[in-house]
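Hi there,

Here is the structure I promised to pass on to you. Have a look at it first, then read my notes below.

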Amino acid sequence: MTALSYSTACPDWESRIIEGRSLIPFDPLFPESAAEAREFRHRLKIVDVGDGEQTIGDIGASWAEDVANAIFGAYDPDTGKQLIREAFVLISKKNAKSTEAASIMLTVLTLNWRQSAEFIILAPTREVADNAFAPARDMVKADPTLDAMMHVQDHIRTIKHLGTGATLKVVAADSNTVGGKKAAVVLVDEIHLFGKNPHAAKMLVEATGGLASRPEGFVLYLTTQSDEPPAGVFASKLMYARKVRDGEIVDKNFLPILYEFPKSYIESKAYLDPANFHMTNPNLGKSASIEFIEREIRRAREMGPAELLIVLSKYLNVEIGLALRTDRWAGADYWLETTDANIAFAWLKEHCEVIDIGIDGGGLDDLLGLAMVGRLSGTDKWVAWMRAWAHPSALQRNLAEKS
């Protein structure tokens, strides 16, 4: 069979997101696989909307349709191999994330052919676990055919397929819990909450280890932005996703879908214009509304800058960085504006009459820092050039600080 020609990079993502177009750069690779999954998903009932008879097909989110079509459409029915092995979705709150995630995982459980297969939703907290499990449970209970096919165990957050013996289970963020799992499909819910957990990387390796022997499997990371500067495993995955999206890294098995504002919109604070809310809220007008987000921003402004940053990160996916932190040094408001890309060591030697050098090394688990501060010749103006190095082991030992 001829290898499929496709790319998961989306270099024109800025124009796509501004215009409200799909962020998936290719059509389903195997349309028949996508169609089979879509037919089942669209029949799932959403009990907490309207009269409880509406289905995913009636009111499903467009972003979730894109994600589901891409993932399920990457399954080759002839070889049993899944071509998209990881997908990373960054999307704002109130875009039906939990409901759509439940529909995807329930579809996986139903269409699965492997006997006694394991499918897990890895949740960082009990609350997130409940949010992930409840919609799937309700979808089963609302459909007599599914209810007869599945056994729901609320107390252990597990749904078992009585025909294949396969299970869909929500597990806590505990390395002891996920150790030894042989899951074929893993949904990592709200990965940003794993950011400060130094054991998160190990947990993910344990949780996703089963994919090595299950070629039909995949991992779906589904998250909102963090209300603190991205750190740890979340920062690593987010940076990797951006590089794949932008074409800096070629990875045909990794699909990034990032609903975030282009850099120019962040710098100009155009994200505060309600006309632009749709960029990080593709379900606007359905589960999300302009009025609700505007009200949350007004309320947060009255409560203070810390509350405003939380609202901006959660409802508009604005990343909190150096200039947005509430605990920042006051000079951070001006720091980035004073940078000059031309300043380097050679430049300092040419333009400065005196240079003071400081260096500090913290060992293999810390940064080696170098700072050179020089006074420009004939003036009282000072300029500085700094650089830091880290041994690879430092990144692994300090995942909670990595960003």
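A search through the whole structure turns up 21 salt bridges. Please keep in mind that this is a predicted model. Here are some of the salt bridges, one at a time.

Start with Glu86 and Lys237, whose side chains meet in a salt bridge at 3.0 Å, N to O. Glu86 belongs to strand S3 and Lys237 to helix H10 (residues 232–245), so this pair ties together parts that are 151 residues apart in sequence. Glu86 is partly exposed, with a relative accessible area of 22%.

Next, find Asp189 and Lys97. Their closest N and O atoms are 3.2 Å apart, and the two form a salt bridge. Here too, distant parts of the chain are linked: Asp189 is in strand S8 (residues 183–189) and Lys97 is in helix H5 (residues 97–111), 92 residues apart. Are Asp189 and Lys97 buried or exposed? Both of them are buried.

Some salt bridges share partners, and in this way Arg242, Arg245, Asp246, Glu260 and Glu319 are joined into one network.

Glu39 and Arg43 also form a salt bridge, with 3.8 Å between the closest N and O atoms. Glu39 is exposed, because its relative accessible area is 53% and the exposed class begins over 50%. Arg43, at 48%, counts as partly exposed.

Now for charges and rings. Arg245, a member of the network above, has its charged end over the ring of Trp13, 3.9 Å from the ring's centre. Lys252 lies over the face of Tyr6, and the distance to the ring centre is 4.6 Å.

How many aromatic pairs does a search of the whole structure find? It finds six. One of these is Phe88 with Tyr221: the ring centres are 6.1 Å apart and the planes are at 40 degrees, so the pair is tilted. Phe88 sits in strand S3 (residues 86–90) and Tyr221 in strand S9 (residues 218–223), so the pair ties together parts that are 133 residues apart in sequence. Phe88 and Tyr221 are both buried.

Another pair is Phe292 with Tyr315. With ring centres 5.5 Å apart and planes at 70 degrees, the pair is edge-to-face. Why does that angle give this label? Planes over 60 degrees apart count as edge-to-face, so 70 degrees qualifies. Phe292 is in helix H12 (residues 290–303) and Tyr315 in helix H13 (residues 305–316), so parts that are 23 residues apart in sequence are tied together. Tyr315 is buried, with a relative accessible area of 10%.

Trp382 lies in strand S13 (residues 382–390) and is partly exposed, with a relative accessible area of 46%.

Finally, zoom out to the protein chain as a whole. Its secondary structure comes to 16 helices and 13 strands. Of its 403 residues, 46% count as buried. The C-alpha trace spans about 85 × 45 × 45 Å along the principal axes. A compact globule with 403 residues would have a radius of gyration near 22 Å, and the chain has 24 Å, which agrees.

Enjoy exploring!

Best wishes

Conventions
Residues numbered from 1 in each chain as written. Predicted model: local features only at pLDDT ≥ 70, side-chain atom pairs only at ≥ 80, totals over all residues. Heavy atoms only, no water. Phe/Tyr/Trp six-rings, centres within 6.5 Å; stacked < 30°, edge-to-face > 60°. Helix = DSSP H or I, 4+ residues; strand = E, 2+ residues; numbered from the N terminus. Buried < 20%, exposed > 50% of the residue type's maximum accessible area, 1.4 Å probe, protein only. Lys NZ or Arg CZ within 6 Å of the ring centre and 35° of its normal. Rg over C-alpha atoms; globule rule 2.2 N^0.38 Å. Salt bridge = Lys/Arg side-chain N within 4 Å of Asp/Glu carboxyl O.
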